Amino acid sequence: MGKIRESLRKISDHCHEIPPSSRKGMLAPARIYGGDALLKSMDDAVFEQAANVAMLPGIQKYALCMPDGHSGYGFPIGGVAAVDPEDGGVISPGGIGFDINCGIRLMATSLTLSEIEKEIPALVDRLFARVPSGVGATGEVALKGSRLEEAMTKGALWAVQNGYGEPEDLEYCEENGRMEGADPDAVSQRARERGKNQIGTLGSGNHFLEIQVAESSGIIDANRAHAFGIDREDQIMVMIHSGSRATGHQIATDYLRLFLSAQHRYGLNLPDRELASAPFHSDEGRAYFGAMNCAINIAFLNRQLIMHSVREVFADHFKKSPRELGLRLIYDVCHNTAKLEHHEIDGKTRRLLVHRKGATRAFGPGMKGIPGRYTQHGQPVIVGGSMESGSYLCAGTASAAGTFYSTVHGSGRAMSRTQARKAFNGRELQQSLGSRGIHVRTASFSGLAEEAGGAYKDIDAVVGAASAAGLSVPVARLKPVGNVKG
Amino acid sequence: MAFERIDDITRADVAFKISAGSPGALFVEAGAALWAAMLEDMGPSSGAPPMRFELQAESIEALLHLFLDELLYHKDAEGLIVVPSAAEVELGAADAIVRCDALAERIDPAVHRFVVDVKAVTMHRFSVRREGGIWTATVVFDV
């Protein structure tokens, strides 16, 4: 047990706190969500990193870690921190991550498992052939110059305006698929060049495109499930997990370097280089915020283009239009962002910069920013699991104010990549999954082994802990039946 | 000399300890570690054309970070696997320079078997040290 772990104080059965007295420089307590078993499964670095996050100037209330937390760089994965820009608050690329706006979108279809069960292997093959995945894959839309700048400011709107989607899609994206405040002038030529061929590609690692089924036995909240678009037994869904590709990776790298050299001018001396920061109201802070928003938009655009390809594959395969197949976007959520949001602190509403790294915004019922038809149900929250264990559709609740309306984003890794490759064989795993009705195509069998279900925490426990802590409520469990792995 | 994976630094990503007898050899080994993180099989060499590049930074640590980032840039922007074959590192009072000879092979999914993509070179535990005449580096790649 690490020393900082020993300082944990129980707040409730699902929340523990590291008091600010535990470590010199902490400006607030750090709160770690999850029951005893999940906390035990977290590596010691989670607690160290959460305590370090509590040292960020301008931090409000608590540094937070969600129940799916595991160690990251600077922030833990699952880390959330809100800072007040008007109170010396800083922005830190380490609080967002290298894959800016890595996120998930979930589509409904009007198809059912019994109607298409025999078609799933062929459908997975066609999706694998159509949606570029793996290293070196290039997208159909190469963007540069003024077109790239337009895409960086318009996000998913650029896709819709250029024939890759329907106007209605935008309503069902966080921020309507277009983040305000994007500043292409703050994006380096290097970042533009690195990502120019990757828009509309899935990527690799834990990114995936999955065909799922919402079984009636997996419906937990029928009222919300119906409101979100799950309206028939064994309904087929499609989930897309990807991010801002190399454009975002390079923006994060560029500004990490810049902040490391600049932060001393602002008297910032944080204990981890990956927490390199700049005041939000500084030239460097403003530039990063503008560049990060460009990457957020590129990720929205990326997922929109992938969804468009999915629609075309389904339409061609079933010889029906996407509308006839009910291929409707339920919602698109971001996992790695820093956003200006209004939250109540000690009875006063303040504008805060909320960093979420491997965490999902989860606005409760009635809050601004939720599509009209979902208002009374809360924001859809999509929690991606492994290709074996399945995923969840959840919803935001009114009781999550303590986490600035944030919740879990996935199941969180339990094994390192090397451990997973020793424990699992990719080809055997593919066969085993196939025999269980989960058809997988992958760009890499070793990569597939690294993403085996056994390498991840129990998603039921993670979603259950988030629910028990009042961060989000489960709506439906989604069972994988086909998966394209990057 | 060598590079080895370190498994207790990160669960989601890939970490290496790299060692060599000179700064130049350390950079070459670090490049090899980067490709080892991504590729399980380089495939047969297709007579990759040589390339040469030079980079400058304020310290040897910053230079190694920039050097590895340069290899990622070529991978994504140009679709090239740039494998350093020799490097010369010049350490000055206020800066460091690397001149690198490399082979640049075009990515071909039919030939190169990738496991994962490296998105970035992190600063997490990133270090370059000289101990007893041996240069060592710790590098964590975000995948």
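User: How do the residues of the lining of the second largest cavity divide by class?

Analyst: They divide into 6 nonpolar, 4 polar and 2 charged. Here Ala, Val, Leu, Ile, Met, Phe, Trp, Tyr, Cys and Pro count as nonpolar, Asp, Glu, Lys and Arg as charged, and the others, Gly among them, as polar. A word on the background: this is a predicted model, where local features need pLDDT of at least 70, side-chain atom pairs count only at pLDDT 80 or more, and totals for chains, interfaces and linings use all residues. Residues are numbered from 1 along each chain as its sequence is written, chains are lettered from A and ligands numbered from 1 in the order in which they are written, and side-chain values use heavy atoms, with hydrogens and water left out.

User: What is a cavity, and which residues line the second largest cavity?

Analyst: On a 1 Å grid over the protein atoms alone, a cavity is a set of points where a 1.4 Å probe fits but cannot get out, and lining residues have an atom within 4 Å of a point. Points are joined across faces, edges and corners, and a volume is the space filled by probe spheres set on them. The second largest cavity has a volume of about 100 Å³, and its lining includes Arg130(A), Glu140(A), Tyr164(A) and His308(A). Helix α12 (residues 283-318) of chain A gives the most to this lining, with 4 residues; helices are DSSP runs (H or I, at least four residues), numbered from the N terminus.

User: What is the volume of the largest cavity?

Analyst: About 590 Å³. Of its 37 lining residues, the closest to the centre are His70(A), Ile77(A), Asn206(A), His409(A) and Ala12(B). The lining has 10 nonpolar, 18 polar and 9 charged residues.

User: How many residues does each chain bring to the contact?

Analyst: Contact means heavy atoms within 4.5 Å, and chain A brings 45 residues and chain B 38. Buried area is the accessible area (1.4 Å probe) that two parts lose on being put together, summed over both. Between chain A and chain B that area is about 3,400 Å², with 48% from carbon and sulfur atoms. Tyr73(A), Val135(A) and Arg194(A) supply 21% of the area that chain A buries against chain B, more than any other three residues.

User: How many salt bridges are there between chain A and chain B?

Analyst: A salt bridge is a side-chain nitrogen of Lys or Arg within 4 Å of a carboxyl oxygen of Asp or Glu. The count between the two chains is 7. Arg190(A) forms a salt bridge with Asp69(B), with the closest N and O atoms 3.3 Å apart.

Conventions: On a 1 Å grid over the protein atoms alone, a cavity is a set of points where a 1.4 Å probe fits but cannot get out, and a pocket is an open set with protein on both sides within 12 Å along at least five of seven lines; lining residues have an atom within 4 Å of a point. Helices (H or I, at least four residues) and strands (E, at least two) are DSSP runs, numbered from the N terminus.
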